[in-house]
Amino acid sequence: MKRPDSKYDKYWYAGLTAFFVIAAGLVINMLFNNLSGIGSILSAVNSALTPVYIGLVIAYLLSPLVNKMDRYVFIPLMKKAVKKEDKAKGIARGLSVVVVLLAALFVIFGLITLVVPELVESLSSLISSLPGYYRNMQEWGNNAFKSHPGIAEYFQGFSGTLYTNLSSWLQNNLLPSIAVLTDSIVEATSALVNVFIGLIISIYFMASKENFCAQVKKLMYAVFPQKRTDGMISIFRETHTVFAKFISGKIIDSLAVGILTFIIMSIAGIPYAVLVSVIIGVTNMIPFFGQYIGIIPSTFLVVIADPWKGLIFLVLIIILMQFDGNVMGPKIMGDSIGLKSFWILFSTLFFGSLFGILGMLCAVPIFAMIYRIVKRWSTRRLAAKNIPTETEYYRVEAEDKIEEKTEKAKK
């Protein structure tokens, strides 16, 4: 298409702009009218990539162990056995991946073998003993509130409603779910296939992670300016450091909390030790709210079995959580996050409302990186304007000093 003379340039550009606006509007309208089709396509793509996601997560979690096995065990051994350094490193990496993966599978299956039968036994015992627990609660309420008939009546009604709802949930929700899970062989097989393929993919990722990272860097430098790429790579490295420290620290801390809970409950003779320890350990992975999420149902389970043991358990678990929050947790986690309690609460609520449990698990490290990026950006902007960057200068009592310093900088 031939461009008109320069005197018609404004009309040319106006017509071209109108054309692109109309075209963009038509494309957007088409997308909105076919959202269901696009959603199904995205769902199919996401389903097809599920093994890749699994492989990436496995590789990311196990890579630190592979690196340590490389550095301290297999590379020193292979350098003595193989003369070529590249070949020695390649063999060492393969051995490290195999050993770490087999060790991880052994630990997981060992825990499942030990914990799952105990969990099933605890649930079966809870279901069969529930009517007896209800009668005990009724008798305890009558004796405890004998001199207060109004409170006793309220307690009887409350415990009756609680028993009815819990029995209904166990009979109509939990047991049918277990039956459906047992009968869903095809779905279980599909999940196992995805996990198996994910394991294979994780082997490739762990074996060649340096090469994959180099290819990504190469593509980034080809697409973006060098200065911007350097900045993005620096952010990615710091994000990896924050996530790795937080996730590994949380896993170790939660495992320690679960084991300590089991030991304390076993010594104190508190019922459902395994079930409650698993609940406390798993929910401890969730920042801030995890302790409460685990303590409330666990205390309820113990109370319905034995109210006095429930009180003992509540006191012991609160002491344990204080020990974890003030002593053990900081020792394990270190200063990997650097967020105040308010921001941990805010990020957990915000990402949890958007993405559920997964959002709550990843909220703190994600928000920690957002916080750091915003802080650095604001610091650079303030420094460029010759305005103080320290937060102390922006307290109410220092406003006059800020204005005075800003005026001097302008002059």
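How many cavities of 30 Å³ or more does a search of the whole structure find? The search turns up two. Keep in mind that this is a predicted model, with an average pLDDT of 75 for the chain. As for the fold, you're looking at 13 helices and zero strands.

**The chain as a whole**
- Follow the sequence from one end to the other and the pattern reads α-α-α-α-α-α-α-α-α-α-α-α-α.
- The chain has 411 residues, and 27% of them count as buried.
- Take the contacts between residues at least 6 apart in sequence: 62% of them join residues at least 24 apart.

- A pLDDT of at least 70 is reached by 75% of the residues.
- Residues 179–187 have a pLDDT below 50, and beyond near neighbours in sequence this stretch makes zero contacts in the model.
- Among the elements, helix H7 (residues 209–223) has the highest mean pLDDT, at 86, while helix H13 (residues 399–410) has the lowest, at 56.

**The largest nonpolar core**
- This core has 24 residues, and the ones touching the most other members are Met265, Val276, Ile280, Phe313 and Ile317.
- Six helices each put in at least two residues: H4 (85–144), H5 (149–183), H8 (226–268), H9 (273–283), H10 (290–305) and H11 (307–333).
- Leaving aside residues up to four places away in sequence, Met265 has contacts that include Ile270, Pro271, Tyr272, Val302 and Phe313.

**Cavities and a pocket**
- The largest cavity has a volume of about 80 Å³.
- Ten residues line this cavity, and Leu130, Met137, Leu162, Tyr163 and Ile304 are the closest to its centre.
- H4, H5 and H10 are the elements giving two or more residues to that lining.
- The second largest pocket comes to about 990 Å³.
- Of the 23 residues lining this pocket, Tyr60, Lys209, Cys213, Phe236 and His240 lie nearest its centre.
- Helix H3 (50–81), H6, H7 and H8 each give two or more residues to the pocket lining.

**Two residues to look up**
- Ser202 sits in helix H6 (residues 185–207).
- Ser202 counts as buried because its relative accessibility is 0%, and the cut-off for buried is under 20%.
- Leaving out residues up to four places away in sequence, Ser202 touches Gly55, Ile58, Ala59 and Leu101.
- Trp343 belongs to helix H12 (residues 341–384).
- With a relative accessible area of 30%, Trp343 is partly exposed.
- Trp343 and Ala368 are 25 residues apart in sequence, yet their C-alpha atoms are 8.7 Å apart in space.
- Beyond residues up to four places away in sequence, Trp343 touches Phe367 and Tyr371.

Note on methods. Residues numbered from 1 in each chain as written. Predicted model: local features only at pLDDT ≥ 70, side-chain atom pairs only at ≥ 80, totals over all residues. Heavy atoms only, no water. Core = buried A, V, L, I, M, F, W, Y, C linked by side-chain atoms within 4.5 Å. Buried < 20%, exposed > 50% of the residue type's maximum accessible area, 1.4 Å probe, protein only. Helix = DSSP H or I, 4+ residues; strand = E, 2+ residues; numbered from the N terminus. Contact = heavy atoms within 4.5 Å. pLDDT = per-residue confidence, 0-100. 1 Å grid on protein atoms, 1.4 Å probe; cavity = no way out; pocket = protein on both sides within 12 Å on 5 of 7 lines; lining within 4 Å. Points joined across faces, edges and corners; volume = space filled by probe spheres on them.
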